[in-house]
Amino acid sequence: MSQPRTLSQKIWDRHLVTPGVGGAPDLLYIDLHLIHEVTSPQAFDGLRMNGRPVRRPDLTVATEDHNTPTEDQDKPIADEISATQIETLRVNTQEFGIVHYPMGHENNGIVHVMGPEQGLTQPGMTIVCGDSHTATHGAFGSIAFGIGTSEVEHVLATQTLPQARPGTMAITVNGELQAGVTPKDVILHVIGVIGTGGGIGKIVEYRGNVFENMSMEGRMTVCNMSIEGGAKAGLIAPDETTFEYVAGRPNSPVGAELEAAIEDWKTLATDEGAVFDEEVIIDAADIAPQVSWGTNPAQVMPIDGVIPGPDDFDDPNLANTAARALDYMDFEAGTPIKDIKVDTVFIGSCTNSRIEDLRAAAAVAKGRKVADGMRTLVVPGSGLVKQQAEAEGLPEIFREAGFDWREPGCSMCLAMNPDKLQPGERCASTSNRNFEGRQGRGGRTHLVSPAIATATAIAGHFASPEDLA
Amino acid sequence: MKAVRIVQGTAVPLDRTDVDTDQIIPSDWLKRVERTGFEKGLFSEWRDDRDFVLNQEQYSGANILIGGLNFGTGSSREHAVWAIQQYGFDAVISPRFADIFRNNCTKNGLVPVTVSDEVNEQLIRAVEADPTLEITIDVERLTVEAPAVGLETTFPLSEAIQERFLKGLDDIGLTLRLATDIDEYETTRKPWMPAQA
Ligand code: SF4
């Protein structure tokens, strides 16, 4: 009998073109390569310089998302450098025969929303993209990871990547979640436990009934932020929820082929007795709705908590990092989180811009009004999410409550388009990174779930839906 | 990629943990479609502070950057490596690098030198005390030396990556030699995997 293997080891083994010998990395086949405008131009230039073709344009799909404005998408992009970058992607995809969904196309959207929506993301695949949140696709039981531009060029040219075999880590969450705790809170809590470097060099498998009971969209929110814990990738074993989500999408198998695929996908689980390099066990009951208070995603607190001080950390590194973060965020230790006033609320990003996220936000917004002076942005993850939201009447709910309903894109997640924070502005954001200046120079970001973001917009300070009148 | 065997020179101590790639090169710089011209973007927001280490006269001309724990976390942007290199650094020292950043270093000939927490701390203090301290990183022997303070240690690099550094090999060219293996693998792929017409 062969050695019991973890899910990630199984998928890895399936994709070995040649195993690395004598310390060399494995050569891994890549089933799907997603590209966008920011990290691909220099890769295409490299191909041209060396006279190399794209080996498998048919396994490559492009979208534009990082630079796209969320207003007036029918007009030319005002920022010339952004416009050039997008035009470059259009020219490159055309020259190399790659399917591309430009701004305004109904399939256009944030790359990690578009892939699963189009059925491009299926169990058992290897998926890469020049973007660190590629781990999102691990929600389907795939190995999905972000790569740099040199690697983008490598995949374009060879459809493979030399990769050292990563370690394995299990994060198990069992038990019953408290009311009001969402997938976003679960993953923020997990990152708070393992730290920003806890997963470095490893693929994390999320296990336990909490993940089993999550919808695919919830699982995507969780896997999306694996990189925030340093992990190379994060994944969840596929099950009926996965198969149901995949079936019937444009790129999914049908009929007998779907049945054969599902038979195969059912074998994608960690074997009994397989050993992980590291295991973390978390009790679901310990997880509260989270708010990040600092400048890295491990600096999180329950919403009912207070801003910690450097003295709360035994590790001198963590204490120093906390001191710097408090300074940047302009906080006094001991301030109750719910007393903190917020200027801007952003609902969107590849973490939380899918239909369930928008429904959750709309449920809180319905019949209420945003606080005076509050700036809000609700940005659907893709053209299809936008259409679905419109069909359900969500934009009306948001508009009546005073929220600004926008067109799809990355938007204020990284502020490459016009949606930016001003220096000193404080934002409750459903995105994934609270780094200094991430949402605009000098801006202060707090990571939260869509429900907390919406309640905060209404209250004017951090709040849970239960706190609202 | 250019071959690298020895990196010798002085260092800049950047004594902060969790230096993410958004700080190394802010997103405004990512709009460029070229591969050069990123040196001005390196730590551009932090550089507005006159006291930031890169602005300190005594460290000018350094070609080694010493960071803290979890260096290069966050975004996959290879622009971070380009910016560090184009500014004039040939090596980065840290007790722990983020995976993608480290990978990106090895594709561009920027030597990622992982040392223990203690050695990192010792180096930072030594450079702060004497900015002219000479440090030698030897990619062939996998050593870091600062003889003036009696420091000598080794760092890990897989043989394959070490060879690429020493010979300046082009990764894609190496893989393309395995084209028949790739062809063969492709005949075994599951038939239902998505492909565009
Ligand atoms: S939404 Fe944010 S994190 Fe996601 S791909 Fe866009 S910029 Fe990256």
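The shell around the ligand, counting residues with a heavy atom within 4 Å of it, divides into five nonpolar, five polar and two charged residues. The model is predicted, with local features needing pLDDT of at least 70 and side-chain atom pairs counting only at pLDDT 80 or more, while totals for chains, interfaces and linings use all residues. Residues are numbered from 1 along each chain as its sequence is written, and side-chain values use heavy atoms, with hydrogens and water left out.

**Ligand surroundings**
- Among the residues around the ligand are H66(A), H112(A), D131(A), H133(A), C350(A), C410(A), C413(A), N432(A) and R438(A).

**Interface of chain A and chain B**
- In chain A, 82 residues are in contact (heavy atoms within 4.5 Å) with 60 residues of chain B.
- About 5,600 Å² is buried between chain A and chain B, with carbon and sulfur atoms giving 53% of that area, where buried area is the accessible area (1.4 Å probe) lost by two parts on being put together, summed over both.
- Eleven salt bridges, each a side-chain nitrogen of Lys or Arg within 4 Å of a carboxyl oxygen of Asp or Glu, are counted between chain A and chain B.
- One salt bridge joins the side chains of R55(A) and D183(B), at 2.7 Å from N to O.

Key:
Chains lettered and ligands numbered in written order. Nonpolar A, V, L, I, M, F, W, Y, C, P; charged D, E, K, R; others polar.
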